[in-house]
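Student: I would like to learn how to read salt bridges and pockets in a model. Where do we begin?

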Amino acid sequence: SLFALYMTAALSLAFPYFLSKLIGKSMMAGGEAGASEADIIANVNTIVLWLICALVLQSIITYWRVRGFIKSGEGALNEIRRALFSRMVRLPMNYLTEKRSGELSSRIAGDLSIMRETLITTVPKFGRMIVTLIGGLIMIFICSWKLSLIMLGSVPIVVLAIAIFGKKIKNYSKATQDALADTNIVVEETIMGVYDTKAFCNEEYEEKRYDSALEKFFNISLP
């Protein structure tokens, strides 16, 4: 899957290369005295054909890349679920009595869904962007070293911005997960005590509790 990831990243760099040939080379050929209209059309057709081949090859490799990352990611998540559940049932009673069952179950359901998104989507995207960045800088350096130096000069600014905003996003993410756990607590407690809820006609009270938890989760989720 990693090999396929690097291949698709490399192929993504082929598109701007062929597009530059399609526009720049054809325009240059059009300005040449000996270039006929048939030569220009033949050149354009050849470049477009290479573009289509690169697109088809990238699509095929992308299918197997996504398939492989899903398989490996889901396998890793199953191991994490087993380890988490095994750890949870072995926790001391004083910890388990302090925590609500809805919050604990939310760790397996809600928190691991975020890990799933990270393993299957974020990690492959990160790897692909790194390869694209390095390959793009090499191509730009070959074409124009001055332009590449300008782009490299902007890297520290981007890294600094990521460091500043990344810390804030981390805090928001933790608060959001806690708020989501609170909503699951209300749902589980209501379902487990549904007979008491029905007996005392507390449906409206439970609705208000859940609405309040959802409102808190919604407000925290907003930047």
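Student: How many residues apart are E79 and R82 in helix 2?

Tutor: Keep in mind that this is a predicted model. E79 and R82 are three residues apart in helix 2, residues 37–89, so about one helical turn separates them. Their side chains meet in a salt bridge, 2.9 Å from N to O.

Student: Is E79 buried or partly exposed? And is R82 buried or exposed?

Tutor: The cut-off for exposed is over 50% relative accessible area. E79 has 48%, so E79 is partly exposed. R82 has 51% and is exposed.

Student: How many salt bridges does the structure hold?

Tutor: Three. One of them joins the side chains of E204 and K208, at 3.8 Å from N to O. These two are four residues apart in helix 7, residues 203–221, so about one helical turn lies between them. E204 is exposed at 54%, and K208 is exposed at 52%.

Student: Which residue forms a salt bridge with R209?

Tutor: E206, with the closest N and O atoms 2.9 Å apart. R209 and E206 are three residues apart in helix 7, again about one helical turn. R209 is partly exposed at 22%. E206 is buried, at 13%.

Student: Now the pocket. What is the volume of the largest pocket?

Tutor: About 210 Å³. Its lining includes L13, Y17, M139 and I142. Helix 1 (2–31) and helix 4 (101–143) each supply at least two lining residues. Helix 4 gives the largest share, five residues.

Student: How do the lining residues divide by type?

Tutor: Eight are nonpolar, two are polar and none is charged.

Terms used
Residues are numbered from 1 along each chain as its sequence is written. This is a predicted model: local features need pLDDT of at least 70, side-chain atom pairs count only at pLDDT 80 or more; totals for chains, interfaces and linings use all residues. Side-chain values use heavy atoms; hydrogens and water are left out. On a 1 Å grid over the protein atoms alone, a cavity is a set of points where a 1.4 Å probe fits but cannot get out, and a pocket is an open set with protein on both sides within 12 Å along at least five of seven lines; lining residues have an atom within 4 Å of a point. Grid points are joined across faces, edges and corners, and a volume is the space filled by probe spheres set on the points. Ala, Val, Leu, Ile, Met, Phe, Trp, Tyr, Cys and Pro count as nonpolar, Asp, Glu, Lys and Arg as charged, and the others, Gly among them, as polar. A salt bridge is a side-chain nitrogen of Lys or Arg within 4 Å of a carboxyl oxygen of Asp or Glu. Buried means under 20% relative accessible area, exposed over 50%, partly exposed in between (1.4 Å probe, protein chains only).
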